[in-house]
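Open the model in your viewer and keep the sequence panel beside it. The stops below say what to select and what is there.

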Amino acid sequence: MSQLHRRGFILGGAALGAGALVAGCTSNSSDKDTGPQVKAPAAASGSPEPPGKPVTIGFSAPAADHGWIGAISLNAKAQAKEFSDVTLKATEGTNDVNQQIQQVQSLIDSKVDVLVILPYDGKALTAVARRSMEAGIPVVNLDRVFANALSYRTWIGGDNYGMGVNAGTYIAAQMKQAGKTNPVVVEVAGLDNLELTQQRSQGFREALEAAGMKVAARQAADFTAAVGQRVAAQLLQANGKIDAMWNHDDDQGIGVMAAIKQAGRDNEFLMVGGAGSKKAMEDIKADNTPMKATVLYPPSMASSAIILARMIGQAKSLADLAELEVPASITTYSAVVTKENVDRYLPTAFS
């Protein structure tokens, strides 16, 4: 895993006080029990914070073709509405790299105060982000990191390595509790050409190895239910006995679960998901499927990115830290959601 993602401030599950960041997942669902995860402005005393210097924030993200991405955009917009001193200029989500570059350039040309960018491709958006920094417009790089740190003021994103570590640690503990010293553990990954997938698999493998276990079989999907189902079916056919499975992504997990049910093996092993979808958490709570846990990759980081952008635009700092400036790097925590704590996290799940 890159050192960039292992250093800096770690954002855990609790608020940090006045002007603090938000942790946990969010939803792009309109259901009454889920919704965007936002934080209302508050002064150090806990009383409502008075408006500060007006800040115009530009926001650019990929198309909302995945539940997590949809929650990212929803959270950013909802958080901006919490601040009377913030004006949000959001571009239409796109997976066309050239179009996103043009959109970011238009935000630069409109002279926004701060930019928040979740790039479709971090490397491809590096140059335009650098132009923003050179124009005196600070950039908050959201999750998918640019090619170099000259292109952003602050990076905030998830801990892919930590997802794998926490998934592996949970599975190892469950196997030991069941008295299984040499369990058959399989893995349904995301896209193998993505660094985030490699980081998740590395963390998972290393956590299992630390417990004296290993990944017996692994297949990569593409974060979609259709490919997840096909890949899981291949794993099930190739492995007559399975004790545990980690699926990297809850959206593709819908297909994985379908393959398990189709094979009639839904009472054979435990499954751990990834990201924190509403469906996964509902299955965990019902406790009538192989899904026993999911490790979070919280899209509420978009809410936090807006909070950070406002702080930078107003030259503020995090109230609970001694430093006078917003940190250069912030990593969210990948909590493990189980039947014991699912009620706490369910309101923050994404659809």
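Select Gly-273 and Thr-294: Gly-273 stands opposite Thr-294 of strand E11. Strands E10 (residues 270-275) and E11 (residues 291-296) run parallel and are joined by five bridges. Two strands pair if DSSP finds at least two bridges between them; helices (H or I, at least four residues) and strands (E, at least two) are DSSP runs, numbered from the N terminus. This is a predicted model, in which local features need pLDDT of at least 70 and side-chain atom pairs count only at pLDDT 80 or more, while totals for chains, interfaces and linings use all residues. Residues are numbered from 1 along each chain as its sequence is written, and side-chain values use heavy atoms, with hydrogens and water left out.

Now show the whole sheet. It is open and has six strands in the order E8-E7-E9-E10-E11-E13, with mixed pairing. Strand E8 (215-220) and strand E13 (336-338) are at the edges with a single partner strand each, so one side of each has no neighbour in the sheet. From one strand to the next the twist averages 20 degrees.

Axes are lines fitted to C-alpha atoms, for helices over the stretch in contact, and angles run from 0 to 180 degrees between N-to-C directions. Helix H7 (residues 250-262) lies across E7, E9, E10 and E11, at about 160 degrees to E10.

Next, select His-248, in the loop between E9 and H7. Is His-248 buried or exposed? His-248 counts as buried, at 0% relative accessibility; the cut-offs are under 20% relative accessible area for buried, over 50% for exposed, and partly exposed in between (1.4 Å probe, protein chains only). Leaving aside neighbours within four places in sequence, the contacts of His-248 (heavy atoms within 4.5 Å) include Glu-187, Thr-197, Arg-200 and Gly-274. Glu-187 is 61 residues from His-248 in sequence, and their C-alpha atoms are 7.9 Å apart.

Move to strand E4 (residues 114-117). Val-114 and Val-116 on one side, and Leu-115 and Ile-117 on the other, are all buried. In a regular strand the side chains alternate between the two faces of the sheet. Strand E2 (residues 55-60) pairs with E4 in the parallel sense over four bridges, and Ile-57 stands opposite Val-114. Strand E5 (residues 139-142) also pairs with E4 in the parallel sense, over three bridges; there Asn-141 is the bridge partner of Ile-117.

Select Phe-146, in the loop between E5 and strand E6 (154-157). Phe-146 is buried, with a relative accessible area of 3%. Beyond its neighbours within four places in sequence, Phe-146 is in contact with residues including Ile-117, Asn-141 and Thr-126. Thr-126 is 20 residues away in sequence and 5.1 Å away, C-alpha to C-alpha.

Then display helix H2 (residues 97-109) and helix H3 (residues 126-134), whose axes come within 9 Å and cross at roughly 5 degrees. H2 and H3 are therefore roughly parallel (angles under 35 degrees; over 145 is roughly antiparallel, 65 to 115 roughly perpendicular, the rest oblique). Ile-101, Val-104, Gln-105 and Ile-108 in H2 meet Val-128, Arg-131 and Ser-132 in H3.

Finish at helix H9 (residues 301-313), where 13 of 13 residues are buried. Just after H9, Ala-315 takes a positive phi of about 55 degrees.

Note on methods: Expected span 1.5 Å × (residues − 1).
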